Structure formats: structure tokens, C-alpha cells
Amino acid sequence: MEERRRAGYSVQREILDEGAVDEMAEKSDSKTSLSEKLKKSMRCSGPRVKSCLLGSFPVVSWLPRYSIRENALGDLVSGISVGIMHLPQGMAYALLASVPPVFGLYSSFYPVLIYFIFGTSKHISIGTYAVMSVMIGGVIERLAPDSNFMDWDNVTNSSHVNIDLRDAERVRVAAAVTFLSGIFQIILGLVQFGFVVTYLSEPLVRGYTTGAAIHVIVSQLKYTFGISPRRFNGPFSLIYTVLEICSIIPETNIGTLVVSIVAIIGLMLAKELNAYLSKKLPVPIPVELIGIVVATVISWQVDLRTKYGVDVVGLIPSGLQPPVLPTASLFGQVIGDAFALAVVGYGIAISLGRIFALKYGYKVDSNQELIALGLSNSIGGIFQCFAISCSMSRTMVQESTGGKTQVAGALSAIIILFITLWIGRLFEDLPKAVLAAIIFVNLHGMIKQFLDIPALWRSNKVDMLIWVVTFIFTILFNPDLGLAASIGFSMLTVIFRTQLPTYSILGQVPDTDIYRPLEGYNQVKRVPGILIFRSSATLYFANAEMYQEALGEKSGINITKFLSAKKKLEAKRKRHEKKNAKKAAKNNAVDMEEVPEREEQKDIAIIEVEDEPDPSLPRAIVLDLSPVNFLDTVGVKALRSIQKDYGEIGIEVVLAGCQTGVVDNMQTGGFFNDKVTKACLFSSVHDAVLHCQSARTHSQDEAMYCEIPSTHL
């Protein structure tokens with residue numbers, strides 16, 4: 001086994017530079033023009049039309065092949081379970097969005113059916129989501145605060161909120177921002193912008209959702225304590241809200257607080273029981289549904305609203321709302337919030353969708369997911385829904401109860417339709433404190449994400465910093481501005497890491513063609529007379545100057561000082577020649593060539609230079625560019641400057657490991673000319689080292705001379 005593992009290989013070939021490799025491999029210079037690409041993209045054929053149709057309407061491709069025997073039972077059980085969860089979560093998250101609870105049920109019906117037709121993930125549960133709801137609530141409270149709907153009562157000489165007018169305006173705002181976010185998602189999907197999710201790294205998403213969970217908790221404290229704090233908007237509004245709640249905490253409604261405590265404790269105990277029996281039960285216990293049924297019955301029998309002042313859900317109209325076009329005049333005020341909702345909703349849904357796609361071996365189309373979510377939101381906005389995404393808790397239930405296709409989601413929508421048409425009005429006496437308790441208990445998974453901090457500290461401190469900063473930005477600047485600031489900070493960490501790379505001098509692993517940093521290996525040896533330099537980052541405008549400085553520092557060569565000394569020497573030599581020429585003209589010498597020669601011999605000494613005059617200075621420098629994946633014009637100029645400057649003091653500079661795209665960047669950036677060809681480029685560091693060694697061997701048979709002023713001897 002040891003002999004097989006250490007089996008060696010031997011390759012004999014000539015030293016190949018980049019030009020020789022291009023010639024041997026017959027590199028093709030043909031490139032497809034933009035017009036040809038456009039013509040190709042516009043061509044229409046039968047297979048292409050079919051592929052486009054199946055890609056745009058995924059349900060057409062999988063529904064005809066749906067296996068009733070294998071999938072029907074699991075999808076039925078899963079659909080009923082998730083549909084039951086939609087009821088309490090939809091109503092609770094409607095409170096987060098600052099709209100009447102029934103609109104949470106609408107948001108659990110229309111978008112789910114649309115996603116059933118256009119979505120590509122088989123397992124995620126589309127519908128109301130806490131983070132999206134709290135973002136919409138922030139927009140609604142900013143554009144339709146209670147203060148805009150105050151009416152004066154002449155009988156009591158006091159003002160009160162006109163709840164009907166307020167709720168109608170808030171529904172219009174929610175529909176407008178939802179519709180616009182859907183349009184953004186559709187546009188991004190049509191222009192193949194699905195890769196935007198790559199800017200939402202996992203630490204960023206988890207830090208963001210944790211910060212949003214804190215916003216959710218604070219927003220529900222008014223229902224827990226039965227108080228009415230002022231609503232603050234803009235940066236630091238969360239801090240102001242907490243201070244406001246602390247100041248009016250003595251006004252707590254005891255009845256509401258008791259209901260909240262009992263509901264939270266009961267739900268937590270039931271959740272723990274559910275987790276304990278999860279392996280024994282085929283279907284999880286519908287804890288939230290049981291909770292709202294029990295709470296509604298108790299509230300109705302005890303009359304909590306009248307006797308104890310407990311705030312209840314109130315009127316729930318039966319039936320569905322007719323479609324209404326969103327108010328276009330609101331678009332200008334919510335365009336930024338709509339884009340943030342579009343990105344956040346898509347990022348959460350595609351992240352969870354990819355997890356289950358990888359687990360069950362199918363593919364999720366990122367661009368089609370954008371279109372599916374966009375249609376769900378835009379059409380949902382017309383039916384007065386608020387923005388939706390994917391819920392982690394419902395998705396886990398849908399998967400664990402046997403859901404295998406999108407049919408489970410469609411069945412859950414049918415359950416919600418049944419509830420909305422006939423059962424919804426039975427929950428009019430449900431205390432809002434119970435809905436708040438459901439939200440608190442469902443957020444425990446997000447709160448547990450604080451445990452990411454020590455784990456990330458051990459694995460990657462930069463990711464930990466992204467998590468913490470994202471959390472802080474989300475807390476301070478609210479979810480919309482916090483997301484933009486967090487993405488900006490995440491991008492800055494990438495820039496900082498390219499500006500602070502690791503610069504290394506490479507040495508050779510004995511008897512191999514492998515080169516490793518001298519600092520990290522004991523047996524790696526420096527190649528005599530050759531400096532091999534590598535940066536761990538790409539080379540571009542932000543770090544080109546640092547690259548040159550690091551090369552000078554690692555090589556021990558102050559190139560500026562060397563070039564300055566050489567220029568002074570050249571200037572002195574020219575002055576000396578000019579002086580000799582004037583002397584010759586003045587004395588009218590017979591032989592104009594002998595006089596300068598005699599004068600020069602007095603001041604100039606010709607000295608034979610040894611092969612290794614200074615062991616600390618290399619004869620050649622190899623720049624390992626294998627980590628470089630692109631070059632901009634500044635990077636090309638930096639490499640050209642390095643080769644020119646070190647070449648002027650007699651040090652050959654060659655490049656190794658250049659990728660094809662980097663060579664093309666050098667070609668278009670003007671790196672090559674009549675003197676500089678691809679002969680200075682090598683495919684590997686070993687080829688470059690062998691080239692430098694062979695060039696040195698050829699020059700050893702010839703004497704090397706340089707002229708130095710005698711005064712410097």
C-alpha cells in the first residue's frame with residue numbers, strides 16, 4: 001500500500017514558455033462577435049420553444065409524471081399539516097405587518113398557488129414569514145401611522161383612531177410594496193440575475209435574520225403587555241421603542257400579561273413534547289392550532305375583552321377579496337423598501353431550497369425561483385396580500401411529514417381557502433396576545449443562531465465579524481437599511497482581504513517540481529540565484545502598489561535606490577564624455593579618438609565581475625501568478641514596470657502560472673511589445689526556474705563586465 005501511494009512518475013520534455021504551449025496546443029484566436037451571440041440567442045426552434053415553455057412553467061414538466069402511488073399519501077398528510085400551521089402563523093404575522101389578521105390568511109393562499117405553478121423547489125413552504133412581515137410593518141407604520149387617522153369625539157372630548165380608515169390605508173400600502181417587490185423579482189429573474197444571492201453569504205443571512213428576530217420580538221411586546229407605545233421610524237427606532245416601552249411599562253394590562261405568560265409557557269411545553277415524541281408520531285402535534293382554539297374558547301366563555309380589557313382579533317370577514325390594482329402613487333415612496341424585500345425574500349427562499357435540493361438530488365433553478373416568487377408577490381399584491389417568502393418551521397414540517405412535491409403546498413392552500421370561507425369568523429375572540437406568543441415561540445430557532453458566534457470564531461473570524469456587524473446594523477438601522485449596510489460591509493471584507501494578502505518567497509521541495517513557501521516548511525530550500533515570489537490574492541488597482549513594495553521588501557532590493565544610483569552614474573558618465581570632447585576640441589589634438597581613451601583610462605576601471613558578486617541579490621525573479629484570476633490595466637502596468645525596472649539592473653523577470661484570461665488581459669493591456677514576448681511567460685513555476693537556470697548556465701562561459709567610476713573603488 002505504501003509503495004502504491006508513493007508511486008512516482010517521470011516526464012521528459014523541453015522547457016516550454018507560453019508561446020511554445022500556444023503553438024503546440026494550436027490556440028484558437030477566433031472569438032464569437034456580439035452580433036453572432038445576439039443572432040444565436042434570437043434563433044427559434046422546436047426544441048428551444050419546448051425547453052423555454054417547460055422552464056417557464058415547471059408544473060407542465062413534472063405534474064404529468066406525478067406518481068400517485070409514491071407521492072400522494074405523503075403530500076396529503078404534509079399539505080394538511082402545513083395548512084393547519086398556516087392559520088395561526090398567517091394571523092400572527094399579519095400583526096407583524098400591521099394589517100388585519102385575515103390578510104395573513106389571504107397571503108397564505110394566493111401566493112402558494114402561484115408558486116405551485118411556477119416554482120422549482122419541491123419541499124419549501126411558501127407563505128408568510130416573520131422577517132418579511134416586520135419589514136412591511138416598518139413601511140406601513142412610516143406611511144400610515146395612527147396619528148394620520150385621529151378623529152375627535154365631541155361627546156368625550158377626546159381623540160381616537162379611526163381603525164377602519166387606518167386599516168384600509170395600511171392594506172393599500174402593503175399591497176403596493178408587495179406588488180412592486182414582485183415586479184423587481186420578475187425583472188431580476190428575466191435578466192438572469194439569480195446570482196445576486198451569492199452576495200448574501202450564510203453568516204450575513206443568519207446575522208440578518210437574528211437581528212430581524214429582535215425587531216419582531218420588540219414589535220410584539222405591546223400585545224404581550226397590553227400597552228400602546230408610540231411607533232418610531234428610521235435609524236435607531238428600535239432603541240427608542242424599547243425606551244418608550246420601559247417608560248410605560250407601569251400601564252401594563254394585567255389580564256393581557258397573564259394570557260401572554262400562560263400562552264408562552266403552554267406553547268413551549270407543547271413544543272418540547274412535540275420534539276420528544278417526534279420519532280414516535282407520524283405527524284407532529286398541531287401545537288399552534290390547538291393553542292388558538294383553546295384560547296379562543298376561553299376568551300369567548302370568560303369574555304376577556306369586556307371584563308379584563310384584553311385586545312382580541314375582532315371582525316374577520318368571510319370570503320376572498322376581489323382583485324384591486326395597487327395604488328401607483330405609493331410606488332415612489334416604497335421603491336427602496338420593495339427592492340430590499342425582493343432581495344431578502346429571494347435570498348431566504350433560494351438558500352433553503354438549495355439545501356433540500358442537494359439533500360434529495362434535484363436542481364433548483366435560481367432565475368426561475370426569482371420569477372416564481374415575483375409572480376407570487378405581484379399577483380398576491382393585486383389580491384391585497386403582503387410579501388411572502390419561505391418559512392423554516394413550515395418547511396421542516398412539510399419535509400418531515402412526507403411531503404415530496406409542490407402538491408403538498410397546493411393542498412395547504414386549499415386548507416387555508418376552506419378556513420377563510422367558512423371557519424375564519426370563529427376566531428374573532430382570539431386574544432392578540434396569543435398570536436404574539438406564537439411568534440415568540442416560533443422565533444426560538446432564530447435566537448439560537450447566537451451560538452453561531454463562538455463557532456465562527458473558531459472556524460473563520462472574518463465570517464464571525466460579518467455576522468456580528470450584520471446583526472448590529474440590522475438592530476440599529478432597521479431591516480431595510482441594515483441589509484444594504486451589511487452587504488456593503490461584506491463586500492468591503494473581500495476588498496480588504498485582497499488588499500492584505502500573504503506575500504511569500506517560494507522554495508523547492510527537494511527532488512520534486514513542487515514549490516512551497518519557505519516560511520511554512522522546514523525542508524523547502526531556496527533555489528540559488530532565483531527569487532520565486534507569490535501573492536495569495538489577485539493583482540488589480542487596489543493592491544498593485546503594495547505588490548511592488550512587497551516584492552522589494554522580500555527580495556531585499558530597493559529598486560528606487562538602485563535606479564537612482566544608475567541614473568546618477570549615467571549622468572556623470574555623460575558629463576565626463578562631454579568634458580573630454582571639449583578638451584579635445586580646445587587642444588586641437590591630432591587623434592580625436594586617442595585622447596578620450598587616455599583620459600577615460602585615468603578615471604575608469606574595467607573590472608571583471610564574479611558569477612555571484614552578491615549572494616543576497618538574485619539573478620532572476622519568478623513571479624508566480626497562479627492565484628491571479630484577472631488583471632486590470634493598473635495590474636498590467638505594475639507587471640510591466642517590475643520587468644522593466646529589475647531588468648535595468650540586470651535581473652531577469654519571468655512570469656509563471658498565468659491563466660488564459662490573465663494572458664489575454666496582458667495582451668489587451670499592452671504588456672507585450674517587440675522586446676517583451678510570450679517567451680517570458682511559463683505555464684509552471686518549475687519551467688520558469690529551469691529556464692532561469694539554463695540561461696545562467698549558458699552565460700557562465702562568458703566574462704561579465706561592468707564599468708564603475710574609479711573613485712568608487
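The model is predicted, so local features need pLDDT of at least 70, side-chain atom pairs count only at pLDDT 80 or more, and totals for chains, interfaces and linings use all residues. Residues are numbered from 1 along each chain as its sequence is written, and side-chain values use heavy atoms, with hydrogens and water left out.

Terms for the helix pairs

- Helices (H or I, at least four residues) are DSSP runs numbered from the N terminus.
- Axes are lines fitted to C-alpha atoms, for helices over the stretch in contact, and angles run from 0 to 180 degrees between N-to-C directions.
- Contact means heavy atoms within 4.5 Å.
- Ala, Val, Leu, Ile, Met, Phe, Trp, Tyr, Cys and Pro count as nonpolar, Asp, Glu, Lys and Arg as charged, and the others, Gly among them, as polar.

H8 and H17

- The axes of helix H8 (residues 110-118) and helix H17 (residues 366-382) cross at roughly 150° and come within 8 Å.
- That angle makes H8 roughly antiparallel to H17 (over 145 degrees).
- The H8 and H17 crossing is right-handed (the near helix is turned clockwise from the far one by less than a right angle).
- From H8, Pro-111, Ile-114, Tyr-115 and Phe-118 meet Gln-368, Glu-369, Ala-372, Leu-375, Ser-376 and Ile-379 of H17.
- The contact of H8 with H17 has seven nonpolar, two polar and one charged residues.

H14 and H20

- Helix H14 (residues 287-302) and helix H20 (residues 432-442) have axes that come within 10 Å and cross at roughly 160°.
- That makes H14 roughly antiparallel to H20, and the crossing is right-handed.
- Glu-288, Gly-291, Ile-292 and Ala-295 in H14 meet Val-434, Ile-438 and Asn-442 in H20.
- By class, the contact of H14 with H20 has four nonpolar, two polar and one charged residues.

H11 and H13

- H11 packs against helix H13 (residues 254-276) at an angle of about 115°, with the axes 7 Å apart.
- Tyr-223, Thr-224 and Phe-225 of H11 meet Thr-256, Leu-257 and Ser-260 of H13.
- The contact of H11 with H13 divides into three nonpolar, three polar and no charged residues.

Cavities

- The structure holds three cavities of 30 Å³ or more.
- A cavity is a set of points, on a 1 Å grid over the protein atoms alone, where a 1.4 Å probe fits but cannot get out, and lining residues have an atom within 4 Å of a point.
- Grid points are joined across faces, edges and corners, and a volume is the space filled by probe spheres set on the points.
- The largest cavity has a volume of about 110 Å³.
- Of the 15 residues lining the largest cavity, Val-112, Tyr-115, Ile-124, Ile-126 and Gly-409 are the closest to its centre.
- Helix H6 (68-96), H8 and helix H19 (407-423) each supply at least two residues of that lining, which divides into seven nonpolar, seven polar and one charged.
- The second largest cavity has a volume of about 60 Å³.
- Leu-200, Leu-204, Val-205, Tyr-208, Thr-209, Val-344, Ile-348 and Leu-483 line the second largest cavity.
- Helix H11 (202-225) and helix H16 (331-360) give two or more residues to the lining of the second largest cavity, and H11 has the largest share, four residues.
- By class, the lining of the second largest cavity has seven nonpolar, one polar and no charged residues.

How values were computed:
Parallel < 35°, antiparallel > 145°, perpendicular 65-115°, else oblique. 1 Å grid on protein atoms, 1.4 Å probe; cavity = no way out; pocket = protein on both sides within 12 Å on 5 of 7 lines; lining within 4 Å.
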